[in-house]
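Hi everyone, thanks for coming.

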Amino acid sequence: MSKNDPDALIVSTPQAHSYLVNKRAFADPPLFARELQEIYGKLWLYVGHDTEIPNPGDFVTRTVAGRPMLYVRGTDGVARVYLNTCTHNGAKVCREEFGNRKHFPCAYHGWVFDCDGRAVEVPGEAAFGPQFDKADQGMIPPPSQASYRGFTFVSFAKRDDLVDYLAGAAQYLDILCQTSAAGMRVLPGSHLYATRANWKMLPVNVIDGNHFMPTHVTYLQYLRERGSEMKEPIRDFHEAHLGNGHTVFEYEAPWGRPQGKPDPAWSDAVNGQILARREELLARLGPELGDRIARRNRNLVIFPNLIINDIMGTTIRVAEPISVDYMEVTAWQFCPADDPPELARVRNEQFLTFLGPGGFATPDDIEGMEASQRGFACYREAPWVNYSKGIAAELAGGFTRPGESDFMMRAFFKAWQEYLGIDRFAEAS
């Protein structure tokens, strides 16, 4: 492949310290259709966390790869996922976003399903004939579903390898779930917003250490004004490819962490609770892991579109692909189940201040992604996104500081191309 070949998805020439991704990858409808088939049609995709539906009959509805889904806890206490479509005429069975129901009546023709997925009422059942068996008409599950640490995934292909697929990312879910001895939970409610950009832009934004200092300068100024230590804003930095396209970077930042790092902007009472959390972590998990959870931040991407930012607050985000240049993002706050009220308030404030749709970070990131998407229209004349930063240091066996490497973007796109199974745009259609 050559950078003079406009049909190439990626041009990787390590010996020349160069890694180029074609901008057309973010703007080509036939390639987007192939992504839906080969990536969203075959990989494990996040649906929800089991703490969102703690009681029998509790449910949430989600859209996953364009399919409406119902995530519901049955009468036996087991959380299950069903396609949210009536087995009669296809209408959505549940139109509510969340709630508790023993039964889900289809508003179109009156078929009724229970929270165990069974069809329990079929108007005019006898008219279907003697061969009709209501027991065969229950709600249909996706081909595969599985859970790890309460995180529930589905696949629209038959597979039973979730733990293997998570690879090294499973360790980071383990770390996150050890934050509290009482367990972690998703708070009720969600943030939903849209971005006029290709879905790949959000995971790439999250693992891009280059944009933080120039893009989020307002937040850095806010930290200075509230008294945070800013001599070296990002320190103790580590980035890793976790296998199968999953990536993480881990670091200490100037902000406090309700998980175990006090902040001068918070009250003595709250900082006392945070120090108590830190001491509990050290006692329960040992000094190394306890300090790691208390002090360090993690940006985790589970390929293709699950993002967990465990920073001054913890958010679970999903980028849902709608079209080649448009995605919808849903976000939830993840926190210890035993937060005292004062600490819960501070945690929520930190979450909203940086990670909320109107916070310091999210509007900045949306504008950056949308500005890039607008620029991708020039792919014919200016074809390449340059993800070459840090290759020389990698080949030399050295380390890069934050903002000096595109290592994780290269890992993301390498996996992306492997899952697509093609090298050229002409192969997409």
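**Hairpins and cores**

Let's start with a hairpin: strands E4 and E5 have 2 residues between them, and Ala 65 in that turn has a positive phi of about 50°. Before I go on, this is a predicted model, where local features need pLDDT of at least 70, side-chain atom pairs count only at pLDDT 80 or more, and totals for chains, interfaces and linings use all residues. Residues are numbered from 1 along each chain as its sequence is written, and side-chain values use heavy atoms, with hydrogens and water left out.

A strand here is a DSSP run of at least two residues, a helix (H or I) one of at least four, both numbered from the N terminus. Two strands pair if DSSP finds at least two bridges between them.

Thr 63, for example, has Pro 68 in E5 as its bridge partner.

On to E6, residues 79-83: 5 bridges join E5 to it, again antiparallel. Val 72 has Arg 80 in E6 as its bridge partner. This hairpin has 5 residues between the strands, and Gly 77 takes a positive phi near 85°.

E5 itself, residues 67-73, has 5 of its 7 residues buried, meaning under 20% relative accessible area with a 1.4 Å probe, protein chains only (exposed is over 50%, partly exposed in between).

Now the inside. A nonpolar core is a set of buried Ala, Val, Leu, Ile, Met, Phe, Trp, Tyr and Cys residues joined through side-chain atoms within 4.5 Å. The largest has 99 residues, and helix H3, residues 169-177, gives the largest share, 7 residues. A second, separate core of 16 residues includes Val 72 and Tyr 82.
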